[in-house]
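Please open the model in your viewer and follow the stops below in order. Each stop names a selection and then describes what is found there.

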Amino acid sequence: ILVGSVFASNDVLASVNGEKVTKAEINQLLKAKRITYDKLPAQYKQKVLDDVIIQALLIQKAERSGVENTKEFKKELAKVKRQLALRVFLKQKLDSIAVSQKEAKAFYNKNKDLMFKQPAEIKARHILVKTKAEAENIIAELRQTPKSKLEAKFIELAKTKSVGPSGKMGGELGWFSKAKMIPSFSEAAFKLNKGDITLTPVHTRFGWHIIYVQDKKNGGYAPFEKVKPFIIQQLKIKKLKKYVDSIKDRANIKYYN
């Protein structure tokens with residue numbers, strides 16, 4: 001019990017007229033921004049906490065004012081209740097819709113090329129310089145480097161000689177498909193094997209590149225089991241839409257222009 005009490009007290013960030021403001025409450029408010037209170041920069045933590053405190057004070061003031069007994073409040077509350085009822089109802093309906101393995105597999109097979117085809121990708125580094133002569137000198141230096149030390153040397157040269165923004169990261173470009181890069185760059189990069197560099201400089205509008213391929217992934221299709229949750233959700237939504245359309249078809253609707 002003592003341990004639980006300690007954690008509970010640590011979670012309380014403030015008290016507003018006896019009403020606790022907890023970290024969990026603030027995290028819920030920050031959820032849309034995909035950040036938590038603990039990960040906020042120090043200079044923002046106090047501002048966020050103060051904003052919540054002001055809101056708590058105003059809510060307390062509003063509740064004591066008798067505003068909940070006014071016609072305007074009741075009218076707005078009725079609107080909120082209707083929207084809440086709709087949201088909960090639709091969630092319950094969506095959760096209750098069943099999708100069979102057969103249906104999911106059929107959707108996968110029908111949409112494989114359109115939705116689940118993955119292109120070949122490579123993971124690469126590059127060194128960008130302004131002239132062809134500079135690029136050729138770097139290639140000559142890299143060709144004298146043992147294969148086991150090639151990547152380390154490439155990173156070193158990228159940091160000291162590359163004029164591109166990725167230079168300070170050792171020329172790291174991450175994973176990319178052929179379509180993601182300029183054609184001349186992609187053409188040269190995708191011809192390389194893992195652990196190889198371009199032996200002639202590659203020219204683009206940005207300058208002259210030397211490319212080093214760290215790894216390669218063949219293209220193909222995303223495995224069914226990996227995309228199954230997505231497929232089930234899509235089919236549930238499709239069935240829900242049919243349900244909604246059926247309600248509309250049976251309803252007595254009149255349009256007034």
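**First stop: serine 177**

Select serine 177, which is placed in strand 5 (residues 172–177); helices (H or I, at least four residues) and strands (E, at least two) are DSSP runs, numbered from the N terminus. The model is predicted, with local features requiring pLDDT of at least 70 and side-chain atom pairs counting only at pLDDT 80 or more, while totals for chains, interfaces and linings use all residues. Residues are numbered from 1 along each chain as its sequence is written, and side-chain values use heavy atoms, with hydrogens and water left out.

Is serine 177 buried or exposed? Its relative accessibility is 7%, so serine 177 counts as buried (buried is under 20% relative accessible area, exposed over 50%, partly exposed in between; 1.4 Å probe, protein chains only). Next, display the residues in contact with serine 177 (heavy atoms within 4.5 Å). Leaving aside neighbours within four places in sequence, these are Pro119, Ala120, Glu121, Ser186 and Phe190.

**Second stop: strand 7**

Select residues 207–217, which form strand 7. Eight of these eleven residues are buried, so the strand is largely enclosed by the rest of the structure.

Histidine 203 has tryptophan 208 in strand 7 as its bridge partner. Strands 6 and 7 form a hairpin, with two residues between them.

The whole structure contains six aromatic pairs (rings of Phe, Tyr and Trp, the last by its six-membered ring, with centres within 6.5 Å; planes under 30 degrees apart are stacked, over 60 edge-to-face and the rest tilted). Select phenylalanine 116 and phenylalanine 230, an edge-to-face pair at 6.4 Å centre to centre with 80° between the planes. Phenylalanine 116 lies in the loop between helix 6 (112–115) and strand 3 (117–118), and phenylalanine 230 in helix 10 (residues 224–250), 114 residues apart. Phenylalanine 116 is buried at 4%, whereas phenylalanine 230 is partly exposed at 38%.

Move to phenylalanine 176 and phenylalanine 185, a tilted pair at 6.3 Å and 55°. Both of these phenylalanines are buried.

Definitions and conventions. Two strands pair if DSSP finds at least two bridges between them.
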